[in-house]
Every structure is written in structure tokens, then in C-alpha cells.
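Dear colleague,

Please find below the structure that I am handing over to you.

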Amino acid sequence: MTTTARALRRLPLHLAATVTVVVCLFPVYWMVTTALKPNRDIQSDHPRLLPQSWTLDHFRRAMDADGFGLFWRNSVLVTLGAVLLALVVALGASFAVARMRWRGRRQFMLMVFVAQMAPWESLIIPVYIISRDTGMLDRLPTLTLVYFMMTLPFTIVVLRGFIATIPAELEESAQVDGCTRPGAFRHIALPLLAPGLMATSLFGYITAWNEFAYANFLIIKEQDHRTLPVWLSSFHNTFGTDWGATMAASTLFALPALVIFLVLQRHVTSGFAAGAVKG
């Protein structure tokens with residue numbers, strides 16, 4: 001097959017990939033450009049793909065809005081707390097499932113898969129009632145625990161798969177040389193788990209950072225304990241929606257997730273390569 005024929009054969013795939021990328025990225029592009037447009041262009045009857053003029057007033061108005069710094073801090077604390085808790089608990093659970101043989105192991109993983117498939121929105125009312133009856137409403141630790149429970153099943157499943165791919169003989173060799181079982185896992189298996197840890201951290205971060213429903217229902221009276229997704233809704237009132245400030249706030253909200261994704265993606269790729277060499 002000639003080079004031209006091969007290129008023509010791949011052309012539909014390239015076109016499909018291009019269309020997919022454009023469809024996925026266009027809302028992000030429109031959000032950013034709307035945040036940079038003056039109000040007269042945003043409300044124009046003839047919207048343009050490329051703004052005729054640019055402004056940063058919407059970003060200034062979003063950053064000067066009440067509670068921006070406070071809600072930013074709340075989101076960071078809740079997200080980091082949930083991700084760290086999920087990693088610590090899931091690491092022990094996935095090691096027990098992948099490396100040990102005990103009665104009920106299959107049933108445990110089945111329950112983990114069921115918990116992963118269950119829609120968390122259906123549990124808002126039970127979680128709200130439990131939080132209310134235990135006096136845990138309007139508290140950031142409650143939100144942290146909820147996000148921890150949301151990300152834990154996925155973290156266990158992914159880390160269990162990564163641990164299962166690491167040959168147990170590596171840890172056994174370290175034990176023969178005098179390492180304890182926890183020491184062998186810490187020095188041999190844990191460095192090879194970097195890709196899995198990065199992937200699950202990224203998933204947990206995006207899940208907790210973007211979550212709105214629980215943050216809106218569990219934090220009712222204490223306005224200072226709300227997170228950024230709830231703060232975004234403050235730009236809509238009875239007089240209408242400030243679209244410029246809303247898009248600017250959405251851009252500021254999405255920027256950390258984009259940066260962390262790019263950083264972790266690079267580390268995940270390098271971690272896979274390092275694990276292949278070490279293995």
C-alpha cells in the first residue's frame with residue numbers, strides 16, 4: 001500500500017478526531033472569549049467568534065466579589081483533604097485485595113464496584129438527614145467526608161489494578177534480603193505506583209473541586225463555609241445574570257484544574273516509563 005493510499009484510508013479517522021476535539025473545546029473557548037468581551041459584545045444580536053475588543057473588567061469584578069478568597073480556600077481545603085484521605089485508605093485496601101488471600105475478598109470488591117456505579121445524587125437526602133441528626137450540617141469536615149466517600153471506590157479499583165501488575169516476586173526478594181513486608185512494599189512497590197497515585201489524585205481532585213449539589217445542600221446557614229461551585233451561582237440574581245463576570249469566574253475556577261491536569265499528566269507518563277524500566 002502506497003503512502004498516499006494509507007493517508008486516504010486514515011483520513012476519516014483524522015476528520016472524526018478533529019470534529020471531536022472542536023466540539024469538546026468550543027465551549028471552553030466560548031467561555032474564555034466571553035469573559036474577555038465588553039458587555040455590549042456579549043449582549044449583541046450578532047455574536048462573533050473573535051472579539052472585536054478585549055477587556056479584563058469581568059475578571060476584576062469576579063475577583064472583587066464577596067467571598068472569592070474565602071471560598072477558594074474552602075475548596076482547596078476540602079479537595080486536598082478528600083484526596084489525601086482516599087489515597088491513604090485506598091492504598092491499604094487495594095494492597096489487601098491484590099496481595100492477600102482472605103475470605104470475602106471477592107464480595108468486598110463487588111461491593112466496591114456497586115458503590116462506584118451508584119449515582120451519588122440519589123444519596124443527597126439520606127446524607128442530609130444523617131448530617132442534620134448528628135449536628136454536622138454547615139461544616140467543611142462533613143463535605144470533606146462526603147467527597148472522600150465519592151472518590152474512594154474508584155481509587156481502590158484503580159490502585160488494586162496497578163498493584164496487581166507489579167510482580168510480587170520483587171517484594172519477596174526484598175523480604176529475603178531482610179526487609180519487612182511493609183518495608184518491602186514501601187521501598188519496592190510504592191515507587192512503581194506513582195502512575196496510579198497520580199491518576200487517582202487527578203480524578204479525586206476533579207470530582208471534589210467541581211461538585212456542586214452536596215456543597216449547596218450541606219452548607220446552608222454558614223455562608224462562609226461554601227465552596228467555589230456554589231460561589232459561581234452568586235452572579236445570578238433577580239435582576240438577571242452577569243454573563244461577563246460569570247464566564248470570568250468560571251475561567252478562574254477551571255484554571256487550577258487545567259494546570260494540575262497538565263502537570264499530573266506529564267508525571268503519569270514519566271511514571272509509566274520509569275515503572276517499565278524498574279520492572
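I begin with a contact between a charge and a ring: the charged end of K37 is placed over the ring of W30, at 4.1 Å from the ring centre. Please bear in mind that the model is predicted.

Since W72 belongs to helix α4 (residues 68–99) and W209 to helix α10 (residues 194–210), the pair ties together parts that are 137 residues apart in sequence. The two residues may also be described by their accessibility: W72 is partly exposed, with a relative accessible area of 28%, whereas W209 is buried at 3%.

A further pair is formed by F154 and F203, whose rings are tilted, with centres 3.9 Å apart and an angle of 35° between the planes. This pair also links distant parts of the chain, as F154 is in helix α7 (residues 140–165) and F203 is in helix α10, 49 residues apart. F154 is partly exposed, with a relative accessible area of 25%, and F203 is likewise partly exposed, at 28%.

Which residues form one aromatic cluster? The members are F68, W72, Y205, W209, W231 and F253.

Yours sincerely

Definitions and conventions:
Residues numbered from 1 in each chain as written. Predicted model: local features only at pLDDT ≥ 70, side-chain atom pairs only at ≥ 80, totals over all residues. Heavy atoms only, no water. Helix = DSSP H or I, 4+ residues; strand = E, 2+ residues; numbered from the N terminus. Buried < 20%, exposed > 50% of the residue type's maximum accessible area, 1.4 Å probe, protein only. Phe/Tyr/Trp six-rings, centres within 6.5 Å; stacked < 30°, edge-to-face > 60°. Lys NZ or Arg CZ within 6 Å of the ring centre and 35° of its normal.
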